[in-house]
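Please read the following report alongside the sequence and the model.

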Amino acid sequence: MRIANMHDRAFLVLGESDAETAVDIAEVSNGKFGPDLSSIYENWDSLTSWFSEQDLDTLATANGTAIDRAALGAPSPTPRQVFAAGLNYREHASESGFDAPTDATPPLFTKYVSSFSGPDTEVVLPPGGAVDWEVELVVIIGRIAHAIEAGDAWAHIAGLTAGQDISERILQKQGPAPQFGLGKSLPGFSPQGPWLVTADAIAHPDDLELGCAIDGEEVQKGRTKDLIYSIPTLVAALSHIVTLYPGDVIFTGTPSGVGIGRSPQRFLQPGERLDSWIEGIGELHQRFVAAPSTP
């Protein structure tokens, strides 16, 4: 099952990649589910049961509409909580100047929902900043999870989406203590999408290729099988610290190839385009512009 946030309403995405169509969930369920995305996750079990009983070809033929990528938002636009794992690929830890983590709990920080956007966006670069890219697999929670074990984690996950943890490195490292949450939460710095994909719709949800390119030049490429803390391990570890709620969003970490780890370092510039992809999920496209000059 694929669920998109289009025009701030929940849609099913049906059909193959060359002939996809969107179906308004609230309309075809006679108001039982949706239209907002938060209610979709709050009623996840009922929704998945309803979906399993539908004739998808009939739904698509009778109710399908064209997908407007410009109208797509983050698949879970108003989560209670947003978490992100740091240093979750060994080569990225190395390029960042750190040893790979070995504790039971991975390095974690929070992001802010005001940075969320959809998959195709224009992002304003802050004046004097050093803005970096970090393609990441993103997990969206579907059932309340507290103190669960890794073997039960997939049962608490609604699905996966693609994300970019765009990072302003100067603000991130500013002051006597790092400002991870602030440096990674400027407007438009957390694009996600194009939609949520449930694990049963992906052949190998624990082993997906992900990567990104700047103006066609590949800068990151990896596989999620190389996560130090796998998706189930990460979700379970978080659930032993906090309670995870339906709709919560977890950025799982980025592979090597970020700008700050290069020699010389490289950061995003006005006019550049960042294209990101995750196998079995889809693509993100960001264009970067300079901040307006002030008098």
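This is a predicted model: local features need pLDDT of at least 70, side-chain atom pairs count only at pLDDT 80 or more; totals for chains, interfaces and linings use all residues.

Residues are numbered from 1 along each chain as its sequence is written, and side-chain values use heavy atoms, with hydrogens and water left out.

The protein has 8 helices and 18 strands, where helices (H or I, at least four residues) and strands (E, at least two) are DSSP runs numbered from the N terminus. Its radius of gyration is 19 Å, which agrees with the value near 19 Å for a compact globule of 295 residues; the radius is taken over C-alpha atoms, and the globule rule is 2.2 Å times the number of residues to the power 0.38. Buried residues account for 53% of the 295 residues, with buried meaning under 20% relative accessible area, exposed over 50% and partly exposed in between (1.4 Å probe, protein chains only).

The largest nonpolar core holds 49 residues, a nonpolar core being a set of buried Ala, Val, Leu, Ile, Met, Phe, Trp, Tyr and Cys residues joined through side-chain atoms within 4.5 Å. Helix 8 (residues 231-239) gives the largest share of this core, 5 residues. Apart from it lies another core, of 28 residues, including M1 and Y41. V235 is among the residues with the most contacts inside the largest core.

| Residue | Residues in contact (within 4.5 Å) |
|---|---|
| V235 | V139, I141, I148, A153, I157, L244 and I250 |
| G183 | I166, S167, E168, L171, Q172 and F189 |

About 420 Å³ of space lies in the largest pocket. A pocket is an open set of points on a 1 Å grid over the protein atoms alone, where a 1.4 Å probe fits, with protein on both sides within 12 Å along at least five of seven lines; lining residues have an atom within 4 Å of a point. Of the 24 lining residues, the closest to the centre are L87, S96, F98, Q172 and F180. Helix 5 (90-95), strand 6 (108-110) and helix 6 (169-172) each supply at least two residues of the lining.

G183 lies in helix 7 (residues 180-183), and G183 counts as buried because its relative accessibility is 0%.

Definitions and conventions
Grid points are joined across faces, edges and corners, and a volume is the space filled by probe spheres set on the points. Contact means heavy atoms within 4.5 Å. Lists of a residue's contacts leave out its neighbours within four places in sequence.
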